[in-house]
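Q: I am new to this structure. Could you walk me through a few of its features?

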Amino acid sequence: VVQECAKQDRIVVADLLAWLQALPQPALVGATGLLVLLECTIGLGFIAPGESGLLIAATTVTGSWSRFVILWAVVTVCCAIGDSIGYTIGRKFGPALRETKLIKKHGAEGWDKTTGILRRRGAWAVFFARFLPVVRTLMPAAAGTSGLPYRKFLPAVAAGAACWSLVHISIGAAL
């Protein structure tokens, strides 16, 4: 029975990957970019499966450098835009964000950890937060709240997004 279930799971995954590979490239890249953008915007990372969607979409770039580079560029830009939206929300609403139901329920500890890291490390924290679940979602708004200047925030976000997306697309392509 276990072997039969495992076989069925492999068939489902193979069918899903075949369907993804058959999608027109613009639709696949656009949907992946949107998922990543939503994940990067404050709070939506708890709902939108951007990282999972990126890994799945990345399995379709095997053997095509142009598909790889296009997906990488779109995901990097969408990460930076999503993080910039989160930063703007943090600037506008400040510390009141920590008191929202979503943050209290899913990430109050992460918010506190994120703001503490920001105070100690500044823009470097923004860069490395891209690689930490939960912290990645909370960092942009926390950076805006903390008063980190946007001129320092944006280069860190862009570099972190480029590295993060490159790693995830490479992993997905290898799978």
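Q: Does D83 count as buried or exposed?
A: First, the ground rules. This is a predicted model, where local features need pLDDT of at least 70, side-chain atom pairs count only at pLDDT 80 or more, and totals for chains, interfaces and linings use all residues. Residues are numbered from 1 along each chain as its sequence is written, and side-chain values use heavy atoms, with hydrogens and water left out. Now the term: buried means under 20% relative accessible area, exposed over 50%, and partly exposed in between (1.4 Å probe, protein chains only). D83 has 4% relative accessibility, so D83 is buried.

Q: Which residue forms a salt bridge with D83?
A: Side chains of opposite charge can pair when their charged atoms come close. The cut-off for a salt bridge is a side-chain nitrogen of Lys or Arg within 4 Å of a carboxyl oxygen of Asp or Glu. Here the partner is R130, with the closest N and O atoms 2.3 Å apart. R130 sits in the loop between α7 and α8, while D83 is in helix α4, 47 residues apart. R130 is buried too, because its relative accessible area is 4%.

Q: How many salt bridges does the structure hold?
A: The structure holds 2. Another pair is E39 and R136, at 3.5 Å from N to O. E39 lies in helix α2 (residues 25-40) and R136 in helix α8, so this pair ties together parts 97 residues apart in sequence. E39 is buried at 5% relative accessible area, and R136 is buried at 6%.

Q: How do helices α4 and α8 pack?
A: Two packed helices are described by the angle between their axes and the distance between the axes. Helices are DSSP runs (H or I, at least four residues), numbered from the N terminus. Axes are lines fitted to C-alpha atoms over the stretch in contact, and angles run from 0 to 180 degrees between N-to-C directions. Helix α4 (residues 65-93) meets helix α8 (residues 135-146) at about 40 degrees, with the axes 6 Å apart. That makes α4 oblique to α8. Angles under 35 degrees count as roughly parallel, over 145 as roughly antiparallel, 65 to 115 as roughly perpendicular, and the rest as oblique.

Q: Which residues form the nonpolar patch on the surface?
A: A patch takes residues with over 30% relative accessible area and no salt bridge, and nonpolar side chains (Val, Leu, Ile, Met, Phe, Trp, Tyr) are joined within 5 Å. Here W124, F128, F131, L132, V167, I171 and L175 form the patch, with about 750 Å² of accessible area together. Helices α7 (123-129) and α9 (150-174) each supply at least two of its residues. W124, in helix α7, is exposed at 60% relative accessible area.

How values were computed: Patch = residues over 30% accessible without salt bridge, like charges linked within 9 Å, V, L, I, M, F, W, Y side chains within 5 Å. Areas by Shrake-Rupley, 256 points an atom, 1.4 Å probe, with all protein chains shown as cover.
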